[in-house]
Amino acid sequence: MPRSRELATCLMLLVGGSCVWAFSGPVVTSLDRIMVATLSMERAAAFDPVVLFNMLSAHLLDVAIAMIPIAFMMTLAAMAAPLMLGGWLFNVESLAPKFSKLNPISGFGNMFSVNSLVELGKAVLKTLLVGTVAWLAIRGQIDAVLGLGVESLKTAGAHSAYLLWTSFITIVSALILIAVLDVPYQIWNYGRKLRMTREEVKQEHKESEGDPHVKGKIRAMQRAMARRRMMAEVPTADVVVTNPTHYAVALKYTEGKMGAPKVVAKGADDIAAKIRELAREHKVPLLEAPPLARALHTHTEIGDEIPEALYTAVAEVLAYVFQLRTFGKFGGDRPVEPTDLAVPKDLDPATAPPKTRGPKNRSRQ
């Protein structure tokens, strides 16, 4: 929390001086009784400590009672000073002893820190300012102070109280100026200390959003796991449609359980080569159909059913596969691979027309 010692000091002095001025009557009366009692003691009090103690205790109690309003107002001022700047802060941990504060090395470091230099500069300026104002205030009242000697006791008492009060207010006014300058500085310094360094910002970003390196590794692991699951489905596929080298899409169809054939695996380049390799190992038929392979790879995801526009082409492929299985079991004439599959041109990336660009895209192009 931001704190200003100058604000607390100035407020305490103003409240304390005002209370002394306002409640000086009861206090002076009590002090007068004590003075009279101590200067005119009874004989018994001089030889009996108990009598003397009881007498002084009674008078001191009167003074304490007279000081209660001043102490109460000073307590309110002490509580109001932090409330004016940042509010109160209750922290039980601050009461615990910290032996690290006894470390002389850190103590020397605090002595020569930037904050210590600022506080030293403030103390020097405060001393110069308050000393100058006090000198000017007293210098202007030298004649009045010297004139007290020729006044009566009652008049001199009231006059001296007035001189003290005006001098006090003048000196405290200098502290008001210091507090007005110190409060904005403490607020600025508090905000500066709260600002994080670049490394702290990065660390907080890592803690809140996650370390980018860790997230990248997690995504890579997730992709690898998904790829392994996908590769595990290749041996169960009915056919793998290839480009022949760039793309490979594995299809599976179970009559009565699927509404349409599904894509169980797909990939390009290295992944496509791995799919073809697994298909050969597990004797899954491979069919070169570049337009169909490109269309399936572009417009489907793993686990999706094929688009309705490709039903005819895929049906021809599956018919060929089922005929190939019959040939393998019972022999006969080997089925002919389908070559001219009905793939709509708008689904084949190689023959699809370019997308219509808006005015912004055309102007940017």
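Tutor: Start with E6: this residue is buried, with a relative accessible area of 8%. Buried means under 20% relative accessible area, exposed means over 50%, and partly exposed lies in between (1.4 Å probe, protein chains only).

Student: Where do these values come from?
Tutor: This is a predicted model, where local features need pLDDT of at least 70, side-chain atom pairs count only at pLDDT 80 or more, and totals for chains, interfaces and linings use all residues. Residues are numbered from 1 along each chain as its sequence is written, and side-chain values use heavy atoms, with hydrogens and water left out.

Student: Which residue forms a salt bridge with E6?
Tutor: K126 does, and the closest N and O atoms are 3.1 Å apart. A salt bridge here is a side-chain nitrogen of Lys or Arg within 4 Å of a carboxyl oxygen of Asp or Glu.

Student: Is K126 buried or partly exposed?
Tutor: K126 counts as partly exposed, at 26% relative accessibility.

Student: How many salt bridges does a search of the whole structure find?
Tutor: Two. E301 and K266 also meet in one, at 3.9 Å, N to O. E301 lies in the loop between helix 12 and helix 13, and K266 in strand 3 (residues 262-268), so the pair ties together parts 35 residues apart in sequence. K266 counts as buried at 14% relative accessibility, while E301 counts as partly exposed at 47%.

Student: New topic. Which residues touch the most other members of the largest nonpolar core?
Tutor: L251, L292 and L310, out of 23 residues in that core. A nonpolar core is a set of buried Ala, Val, Leu, Ile, Met, Phe, Trp, Tyr and Cys residues joined through side-chain atoms within 4.5 Å.

Student: Which helix gives the most to this core?
Tutor: Helix 13, with seven residues.

Student: And what does L310 touch?
Tutor: L292, A295, L296, V343, P344 and L347, not counting residues up to four places away in sequence. Contact means heavy atoms within 4.5 Å.

Note on methods:
Helix = DSSP H or I, 4+ residues; strand = E, 2+ residues; numbered from the N terminus.
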